[in-house]
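Dear colleague,

Please find below the sequence and structure that I am handing over to you. My notes on what was found follow directly after.

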Amino acid sequence: NNTWTSDTTPIFTFNSTSTSGITFNCTVRANSTVVGVNTSVTNDGPSFSVEASSALTNGVNWWNVTCSDDNGVTNSTSATRHVNVDNIAAGVSVVAPNKTNTVTYAAVGALVNVNYTYTDASANYSILRFTNSTTILNETNVTSIGSGTDANRLDTLKVPAAAGDGNYSVNVTIIDNASNSNSTAIANVLV
């Protein structure tokens, strides 16, 4: 219940217990539409899985399972649960330092202000990275960034001691609750 996935045809897992019947015909409904059937669910058996036969929409999807015994008698309908589907990665851009027309100058140990905007309905956290052309020299995780349209953040990233004189890059990655991610274009920092 209340899980996140980027899969629009997720797998629903359930089991059935009853005082009547040995096998059950179980129907999975999402948003009141049948999305899967399993006709061989055994009483008190292991968990069974049904993959959604049609794509669920992005957002909250309510689902439940109804099982009938081998005599066609409906035994019960499960509690209604929900799964959050999100298969859209965040849009993200760095406002400053700016990649194209300015260079930010910073000394080793200094904090570089990283101003970025993003759009995502379920943004979870961001990762700020300070890199040379081949290696991540410093990385900062910013948790609980919140969701929104054109949301703006100003965070800091420390210029690491391993950075000698030269040109470095800063990038921002946004990760949402369904583990979709998107990274920015690279911004320039001169040490």
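Strand β11 (residues 111–120) runs antiparallel to β14, and 9 bridges join the two. Within this pair, Val114 stands opposite Asp155 of β14. Strands here are DSSP runs of E with at least two residues, numbered from the N terminus, and two strands pair if DSSP finds at least two bridges between them.

Please note that this is a predicted model, in which local features need pLDDT of at least 70, side-chain atom pairs count only at pLDDT 80 or more, and totals for chains, interfaces and linings use all residues. Residues are numbered from 1 along each chain as its sequence is written, and side-chain values use heavy atoms, with hydrogens and water left out.

β11 and β14 belong to an open sheet of 3 strands, ordered β9-β11-β14 with antiparallel pairing. The edges are β9 (91–96) and β14 (148–158); each has a single partner strand, so one side of each is left without a neighbour in the sheet. On average, neighbouring strands of this sheet are turned by 25° against each other, direction ignored; the axes are lines fitted to C-alpha atoms, and angles run from 0 to 180 degrees between N-to-C directions.

β14 also contains Asp150, which has a positive phi of about 55° although it is not a glycine. Asp150 counts as exposed at 58% relative accessibility. The accessibility classes are buried (under 20% relative accessible area), exposed (over 50%) and partly exposed in between, with a 1.4 Å probe and protein chains only. A second residue other than glycine with a positive phi is Ser32, at near 70°. Ser32 is placed in the loop between β3 and β4 (33–42) and is exposed, with a relative accessible area of 69%. Most residues other than glycine have a negative phi.

The structure holds 1 disulfide, a term used for a pair of cysteine sulfur atoms within 2.5 Å. The disulfide joins Cys26 to Cys67, with an S to S distance of 2.0 Å. The link of Cys26 and Cys67 is right-handed, with 115° about the S-S bond. Cys26 lies in strand β3 (residues 23–30) and Cys67 in strand β6, so the pair ties together parts that are 41 residues apart in sequence. Cys26 is buried at 0% relative accessibility, and Cys67 is buried at 5%.

β2 pairs with strand β5 (residues 48–51) in the antiparallel sense over 4 bridges, and Thr13 stands opposite Ser49 in β5. The covered face of β2 has Phe12 and Phe14, while Ile11 and Thr13 form the uncovered one.

The largest pocket has a volume of about 160 Å³. A pocket is an open set of points on a 1 Å grid over the protein atoms alone, where a 1.4 Å probe fits, with protein on both sides within 12 Å along at least five of seven lines; lining residues have an atom within 4 Å of a point. The volume is the space filled by probe spheres set on the points. Of its 13 lining residues, the closest to the centre are Phe14, Asn15, Ser16, Val65 and Ser78. β2 (11–14), β6 (59–69) and β7 (74–77) each give two or more residues to the lining, and the largest share, 3 residues, comes from β6.

Yours sincerely
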